[in-house]
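Good morning, and thank you for coming. I would ask you to keep the sequence and the structure in view while I speak.

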Amino acid sequence: MMNQRPFLHGRRLLTWAATALVLITLPMMFTQSFAISMLSQMGIAIIFALSYNMLLGQTGMLSFGHAVYFGLGAFISVHTLNAIGDGTFHWPVTLIPVIGGLAGLFFGVIFGYVTTKHSGTPFAMISLGIAEMVAACSLMFPTFFGGEGGISTDRAAGEPFLGITYGPGVQVYYLIAGWCFLSMVAMFALTQTPLGRMANAVRDNAERARFIGYNPTRVRYMMLILSSFFAGIAGSLAAMNYELVTAENVGVVASGNVLLMAFIGGVGHFFGPIIGATLVTFIQSALSNYTLAWLLYFGLFFLVMILFAPGGIASLITLHKDAWQVSQVRRLVPAYIAAALAGLIALLGLIGLIEMTYQVETKAEQSGTGMSLFGIAFDAATPTPWITSAAILVVGGVLLWAASRRVRASWTAVALVINARRSA
Amino acid sequence: MEFFLVTLLNSLSYGLLLFMLSSGLTLIFSMMGVLNFAHASFYMLGAYFAYQTSVYIGFWPALVVAPAAVAALGALTERYGLRTVHKYGHVAELLFTFGLAYIIEEIVHLIWGRAPVEYRIPAILDFSAFSIYSTQYPAYRVFMMLVSVAMLAGLYLALTRTRIGLIIQASLTHPDMVEALGHNVPRVFMTVFAGGAALAGLAGVIGGNAFVTEPGMAASVGTIVFVVVVFGGMGSLAGAFAASLVIGAVQTFSVGFDYSLLSLFGILGIQTNPESGWYDLWKVTIAQAGPVLPYVLMVLMLIFRPKGLMGTREG
């Protein structure tokens, strides 16, 4: 698949120009402050998820501690910002992410030296151990980590430059968008370099990579260092966006979150983590407004993705692109509609059961067992809603099972056509 | 001396508990090459099931009911979860157990709430077994050790002296050959997974009331168990045993030492300046550093002996 075209050929240039245009115009379409702050979060998440995918997707290293570099980059940035505010340090605020990135890189050099001597499962466990170690340290050194409350800062501390103070949210959005665009281009360019190619080789077969004269440990180490640089940039932007960094930012939960983003988006494609970061950030802020059990729904969504679409959303997209090119998508549509309806029925039953359990077990003490779901008011202490929900779930489950067989049958037919066209 | 003996006994009971967890994890790892992230979640479920059982029927039935229920869940996990994602490779398997741990924690939140539940030591075991100098040593700790040791002996005998144990051992190293001899290797895998889950569940039953039963218990024990497995050497039962005792001792003993580098400087007569940036580091006591020590030990082990204490393979 190695192409001989120059790095910036026509279609690719168009894609990047479109990306830049979207980044510039988004805050003009969504002007509410919560929308701007969500867009800013998405930008940060995109950089972080892409930097994570340099490890998991490109080098095959499953890390459970990537937030260490994100969080430490954020802490160093906060201290830098505070030093700028005190007047003890002079540095343009726009370029603070450089410092955050270098901080991430520095810790990547230190921790990566230990972790990248291993690959596979041991690497995963060691990265988890390092993350726990840093998280435990964060409560031991309150001067640097700020203890339980974290460290706050003022992003408008620097000298205004051309009227830009970074006080208003929109200005921070454009700062994040600018860094996000630069990071995306840089990380994409890296996949095209010999190092990026060697990382793929190490992922696919480390032994063969060694045979042709490359040291897999060294490749992993370099990829980890570079990826912690970008994670540090993301952390730095997060510090400026929230003006507060706490020990949670280096924690295992934050590391797990970026893993979920990259995986749900799809680690096999460069654009996968971008989709994942956008979608997961959106789900997390939208769903948490509606239900307290949103983490459970989110976890179930993740498990379903692993079981049925381990390539993530990106692989589903490329799969359908193939079907589209041989104009076979219409054969899939009826089966998809059936599966979507059945899935919706099963989901309704499941949501009913989960929300009722929540009402009875957790919320009953404050608000009683009376509740309403989808506009229907009922009492969760009576058996009728339970039986109804369970029946809906069972019926939906059976229908879904039948529909999934239909989807599989349609796909078998479509795959035949795709293969026939390819070999023709 | 009194402090030392009491802490030694405490660290022993804690270390044995850790081994109940790490032994199951090690067996599952060496058999399927999968590190089960949800293993500590099974421990937590064991504690919660035991709490629920002890509310309805009592503590003693819980010793059997809770591990059995956890084992059933483990079997289902292997059969319908891991076996489905197996074809996608190790990363998918690892991520599946990661997602499962996530969901189990949320389900525990959903059913039992976020606060600790009142899972208490049964009244019949709530007395002091013997006294060391002036300290009354609780009988429940002794009971914990007895259960752990009985379980260990049972595990050892089952693995070395029974036919099933021999087939399991053979499947560890030569699954293809065992399959060729007509044994159902996938079912052996399921049995081992369920057995490991049952061990974790039993650890939860006896550990949940000795410590605290809360939704965060899986995360806090889980990473320590991983440290144990790495420290002892991946896939080595004997290594896991030694590492459990070492890590248990490190965690238990560190709590009791209230010395910091400042106290050392005081003895050596070095003056320190509270204004200096390193002062934070000097004043950290061993008790405060306790939570970090296991990870530091693990990192040191990885630098100087990447195989772990008794590991046979490296990565």
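What pLDDT does chain B average, and what share of the residues score at least 70? Chain B averages 83, and 93% of the residues reach that score. The model as a whole scores ipTM 0.82 and pTM 0.85.

In chain A, the lowest mean, 70, belongs to strand S3 (residues 370-373), while H10(A) has the highest, at 92. Among the elements of chain B, helix H12 (residues 279-282) has the lowest mean pLDDT, 67, and helix H2 (residues 39-56) has the highest, 91. Where pLDDT is low, the predicted coordinates should not be read in detail.

Let me turn to chain A as a whole. Chain A has 16 helices and 4 strands. Its radius of gyration is 24 Å, close to the 22 Å that the globule rule gives for 424 residues, so chain A is as compact as a globular protein of that length. Along the principal axes, the C-alpha atoms of chain A fill a box of roughly 65 × 65 × 45 Å. Of the 424 residues, 41% count as buried. If we take contacts in chain A between residues at least 6 apart in sequence, 78% join residues at least 24 apart.

Chain A is divided into two domains: domain 1 covers 10-312 and domain 2 covers 326-423. How far apart do the C-alpha centres of these domains lie? The distance between the centres of domain 1 and domain 2 of chain A is 34 Å.

Helix H10 of chain A runs over residues 216-242, and at 1.5 Å a residue its 27 residues should span 39 Å; the end C-alpha atoms are 38 Å apart, which agrees. H10(A) is mostly covered, with 23 of its 27 residues buried. What follows H10(A)? The helix is followed by Glu243(A), which sits in the loop between H10 and strand S2 (244-245) of chain A. Phi of Glu243(A) is near 55°, a positive value in a residue other than glycine. Is Glu243(A) buried or partly exposed? With 17 other C-beta atoms within 10 Å, Glu243(A) is partly exposed.

Buried residues in H16(A) include Ser389(A), Gly396(A), Leu400(A) and Ala403(A).

I move now to chain B, which has 14 helices and 2 strands. The radius of gyration of chain B is 21 Å, close to the 20 Å that the globule rule gives for 315 residues, so chain B is as compact as a globular protein of that length. The C-alpha trace of chain B spans about 75 × 50 × 40 Å along its principal axes. Of its 315 residues, 44% count as buried. Among contacts in chain B between residues at least 6 apart in sequence, 75% join residues at least 24 apart.

Helix H9 of chain B, residues 217-232, has 16 residues and reaches 22 Å from its first C-alpha to its last, close to the 22 Å expected at 1.5 Å a residue. Why may we call H9(B) largely enclosed by the rest of the structure? The reason is that 14 of the 16 residues of H9(B) are buried. Just after H9(B) comes Gly233(B), which takes a positive phi of about 105°.

Finally, I come to the contact between the chains. How many residues does the contact take from chain A, and how many from chain B? Chain A gives 36 residues and chain B gives 38. On the side of chain A that touches chain B, helix H5 (120-138), helix H13 (294-308) and helix H15 (329-367) of chain A each supply at least two residues. The largest share of that side, 12 residues, comes from H5(A). By class, the side of chain A that touches chain B has 24 nonpolar, 9 polar and 3 charged residues.

Thank you for your attention.

Definitions and conventions: Residues are numbered from 1 along each chain as its sequence is written. Chains are lettered from A and ligands numbered from 1 in the order in which they are written. This is a predicted model: local features need pLDDT of at least 70, side-chain atom pairs count only at pLDDT 80 or more; totals for chains, interfaces and linings use all residues. Domain bounds come from an automatic or database domain assignment. Two residues are in contact if their C-beta atoms, placed from the backbone, lie within 7 Å. Ala, Val, Leu, Ile, Met, Phe, Trp, Tyr, Cys and Pro count as nonpolar, Asp, Glu, Lys and Arg as charged, and the others, Gly among them, as polar. The expected span of a helix is 1.5 Å times one less than its number of residues. A residue is buried if 20 or more other C-beta atoms lie within 10 Å of its own, exposed if 12 or fewer, and partly exposed in between; C-beta atoms are placed from the backbone. The radius of gyration is taken over C-alpha atoms; the globule rule is 2.2 Å times the number of residues to the power 0.38. pLDDT is the predictor's confidence in each residue, from 0 to 100.
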